[in-house]
Amino acid sequence: MEAVNAEIITIGDEILYGQIVDTNSAWMGTELTKLGIKVKQITSISDNAEHIIAALDDARTRADIILITGGLGPTKDDLTKDVLTAYFHTTLKLHEPSLADIAAIFEKRGIEVTELNRQQAFLPESCIPVRNALGTAPGMWFEQDGKVYVSMPGVPFEMKRMMTDIVLPKLKAHFRTPEIIHKVIQTIGIAESMLADRLEAWELALPPHIKLAYLPYLAGVRLRLTGAGDDATILEQELQSEVEKLSQIIPKYIFAYGEVSLEEAVGNLLKAQNLTIATAESCTGGYLAHKFTSIPGSSAYFMGSIVAYHNDVKIRELYVNPETLQQHGAVSEATVREMAENVRKKLNTTIGVATSGIAGPDGGTADKPVGTIWIAYADEHKTIAKQLNYNKNRLLNIEYTALVALNLIRQSLATTVDE
């Protein structure tokens, strides 16, 4: 079965100026993949007739489906409908059902339909109108030379409703597509290049219809296996077999399967072992606590946090020995160990975790430059401290510290070990 390829064209100066973020393309790509349709390219262009025509000409050389968003508003800078009318050598004609939908929207608002909005009900004669249940700009479906072109509003909630109700089912019926299944494996604590080295033999042995993608992030790599085939059941079995092989190669670095965040995975470990945790934070300023509390139901294991940014608070609230601070400084193994141990005792939890460091952009010294960070994990049996050196910008240093601290918790609780 041949692959069905799609291209997405987003139209609007506001996207190119950075005034809005194009979230439409990501959502459409996800939904098209579920149907076995591969997005080959995403293009953002200005509200310019020549640019729109050039983008359409290019897209039809690569794709079977061209999805267009934007430029369907009632104002003069919205050119998409007029350009498509000329592109497909047709004329505009009043579409009465679309006018009725527009009138109903205005009636609910208690105002009369403006002439500009009435003009939105004039659609190219050669198109199949696509109803907009939530707005005044109907969509348009064109077919030419075996290609499908669909133009939709750029307003995300209007586009999504139109795609879900009409466009996606119609595409599924129009094209015969292969089954496409993704498997996501979440890893942390190993660099992309090192991970690739470990997986080289396994990756080379993958069947031709199963592909591996490396998707790195701040402290780890998401691995995505994508399989394509005619039989979903067989494909699912093949992918699961490869995931099981992978889990034997890098068990130490896998923290979850599927779209599961590290904080959720750590929370699941804490719940499974009936443990509770508290944080003592200096350089992360409560960000680690935020990661925990971003997960619904985290009150079952997360008891609270003390943000001890100033040394006086470390002494008063976390009982850090003043001599420790005097002798070793706030950014030190000795200090962070006391913070972790004492927050556990003060908040009566089974685990305490602490962070202290120099996030930047200033405050560093020759001995402790910006990016010098200490984290610690403490339970009733042990205390583990770890030094980090990650001299990026301030916010990245804070985020990285929280992720590494979460991974330290995971490693301390996990029972699997690397081969």
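User: Is Thr-10 buried or exposed?
Analyst: The model is predicted: local features need pLDDT of at least 70, side-chain atom pairs count only at pLDDT 80 or more, and totals for chains, interfaces and linings use all residues. Residues are numbered from 1 along each chain as its sequence is written, and side-chain values use heavy atoms, with hydrogens and water left out. Relative accessible area, taken with a 1.4 Å probe and protein chains only, sets the classes: buried is under 20%, exposed is over 50%, and partly exposed lies in between. Because its relative accessibility is 1%, Thr-10 counts as buried.

User: With which side chain does the side chain of Thr-10 make a polar contact?
Analyst: Thr-10 belongs to strand β1 (residues 4–11); strands (E, at least two residues) and helices (H or I, at least four) are DSSP runs numbered from the N terminus. Leaving aside neighbours within four places in sequence, its contacts (heavy atoms within 4.5 Å) include Ile-15, Asp-22 and Thr-69. A polar contact is a pair of N or O atoms within 3.5 Å; within protein, one must be able to donate a hydrogen and the other to accept it, and residues adjacent in sequence count only if both atoms are side-chain atoms. At 2.7 Å, the partner side chain is that of Ser-44.

User: How many salt bridges are there?
Analyst: A salt bridge is a side-chain nitrogen of Lys or Arg within 4 Å of a carboxyl oxygen of Asp or Glu. Arg-60 and Asp-57 form one, with their closest N and O atoms 3.5 Å apart; both residues lie in helix α3 (residues 49–60), three residues apart. By this rule the count is 13.

User: How many residues apart are Lys-346 and Glu-317?
Analyst: The side chains of Lys-346 and Glu-317 meet in a salt bridge at 2.8 Å, N to O. The pair links distant parts of the chain, with Lys-346 in helix α14 (residues 333–346), Glu-317 in helix α12 (residues 311–318), and a separation of 29 residues.

User: Which residue of the Asp-379 and Lys-382 salt bridge counts as buried?
Analyst: The closest N and O atoms of this pair are 2.9 Å apart. Lys-382 has a relative accessible area of 34% and is therefore partly exposed. At 13% relative accessibility, the buried residue is Asp-379.

User: Which element gives the most to the lining of the largest pocket?
Analyst: On a 1 Å grid over the protein atoms alone, a pocket is an open set of points where a 1.4 Å probe fits, with protein on both sides within 12 Å along at least five of seven lines, and lining residues have an atom within 4 Å of a point. The largest pocket is lined by 23 residues, with Thr-33, Ile-180, His-182, Arg-224 and Thr-226 nearest its centre. Elements giving two or more residues to this lining include α2 (24–34) and β9 (179–188). With five residues, the element that gives the most is β11.

User: Which residue does a cis peptide bond join to Gly-360?
Analyst: The omega of this bond is about 5°.

User: What is the phi of His-89?
Analyst: His-89 is found in the loop between α4 (80–87) and β4 (92–94). Its relative accessible area is 71%, so His-89 is exposed. Its phi is positive in a residue other than glycine, with a value near 55°.
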